[in-house]
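Take a look at the model below, with its sequence.

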Amino acid sequence: MPVKKVATIWMNGRLVKWDDARLHVLSHVVHYGSSWFEGIRCYETAKGSALFRLDKHVHRLFDSAKIYRTAIPYTEQQIMDAIVETIRANRLRACYVRPVVYRGYGDVGVNPLNCPVEVAIAVWEWGAYLGPEALREGIDVMVSTWNRPAPNTFPAMAKAGGNYLLSQLMKVEAVQAGFSEALALDVHGYLSEGTGENLFLVKEGEIYTPPISGSLLPGITRRSVLQIAEDAGYRVKETPIPREMAYIADELFFTGTAAEVTPVRSVDGIPVGSGKPGPVTLDLQKRFFDIVKDAKDPHQWLSFVYSD
Ligand code: PPE
């Protein structure tokens with residue numbers, strides 16, 4: 001689905017026309033994957049347009065760059081303000097926000113240090129990530145033949161552009177085999193995450209998710225769903241999970257900014273539980289949407305974009 005254009009994109013401190021947000025083909029990022037990015041959703045809530053956990057996302061962007069010894073030439077507050085400014089300039093009520101930091105045009109060669117650190121923020125309207133039915137009906141996934149990176153190789157805690165080459169290998173394999181999404185194992189064979197989502201499963205009333213040592217992005221939706229589950233009185237465990245748990249779980253679901261809370265109805269052709277989204281998944285999905293749609297926000301996770 002092509003991106004729905006809006007008027008402007010924020011680039012290095014100013015708003016430029018959508019079609020003018022370009023970079024040079026010899027930019028470092030094009031050759032060596034040197035970018036760090038975020039995905040943030042702005043929801044049209046009952047109390048007005050609001051960004052979900054803006055501060056956490058912007059902080060993770062700075063953490064991602066820090067791992068790569070890259071200084072972003074703005075403060076976190078300036079990036080948060082620029083995000084709000086970009087949404088307002090495009091008069092959007094609900095949208096997806098993509099801030100990206102990248103090494104631009106300077107030297108060619110692996111060493112990034114002589115290439116400028118540039119920042120852009122794009123916003124556009126983005127619906128359900130895995131298709132309109134996915135949130136209601138659940139999706140079919142396959143365990144990828146590719147593994148997540150081993151410790152001390154590609155840092156999974158950085159949301160770096162280069163990491164998504166692996167996600168692409170997994171996604172293309174899954175889609176070409178007729179699945180919606182891939183589920184990846186870490187190098188030890190434990191369940192890790194999807195190509196752009198964290199994984200949860202439910203077994204005998206308890207909720208499980210792999211720990212951050214499981215080669216995964218520490219998702220902000222993951223952290224939020226863990227909190228929502230605890231608030232609701234569920235027992236939650238962050239623990240290594242063997243592959244076969246995915247086949248015998250009562251329920252399985254993905255979380256992510258784009259994917260929100262998406263039920264998984266089969267793994268490798270084996271139905272998860274009854275083969276339909278389960279009650280715990282649907283309860284957590286509802287509690288998540290109560291926050292972002294109805295603005296029932298006990299933890300102050302929403303920041304409002306317009307003052308009207
Ligand atoms: N794991 C990966 C690999 C990942 O990319 C994401 C977000 C998550 C987990 C969930 O993290 P969080 O959004 O903080 O809950 N993936 C983003 C990009 C998706 C894309 O196709 O682009 C997203 O959901 O915005």
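Begin with the two domains. Domain 1 covers residues 8-124, and domain 2 covers residues 132-292. Both give residues to the shell around the ligand, so the ligand lies between them. Keep in mind that this is a predicted model.

Now find the ligand's site. The ligand sits in the largest pocket.

Next, look at the shell itself. There are 21 residues around the ligand. Of these, 10 are polar, 6 are nonpolar and 5 are charged. The residues that come nearest are Y96, Y129, Y164, T221 and T257.

Zoom in on three of those side chains. Y164 has a side-chain N or O atom 2.4 Å from an oxygen atom of the ligand. Y96 places a polar side-chain atom 2.5 Å from a ligand oxygen. For T257, the distance from a polar side-chain atom to an oxygen of the ligand is 2.6 Å. How much of the ligand does the protein bury? Alone, the ligand exposes 550 Å², and the protein buries 92% of that.

Note on methods: Residues numbered from 1 in each chain as written. Predicted model: local features only at pLDDT ≥ 70, side-chain atom pairs only at ≥ 80, totals over all residues. Heavy atoms only, no water. Near = heavy atom within 4 Å. Polar contact = N/O pair within 3.5 Å; in protein donor to acceptor, adjacent residues only side chain to side chain. Areas by Shrake-Rupley, 256 points an atom, 1.4 Å probe, with all protein chains shown as cover. 1 Å grid on protein atoms, 1.4 Å probe; cavity = no way out; pocket = protein on both sides within 12 Å on 5 of 7 lines; lining within 4 Å. Sits in = over half its atoms within 2 Å of the grid points. Nonpolar A, V, L, I, M, F, W, Y, C, P; charged D, E, K, R; others polar. Domains from an automatic or database assignment.
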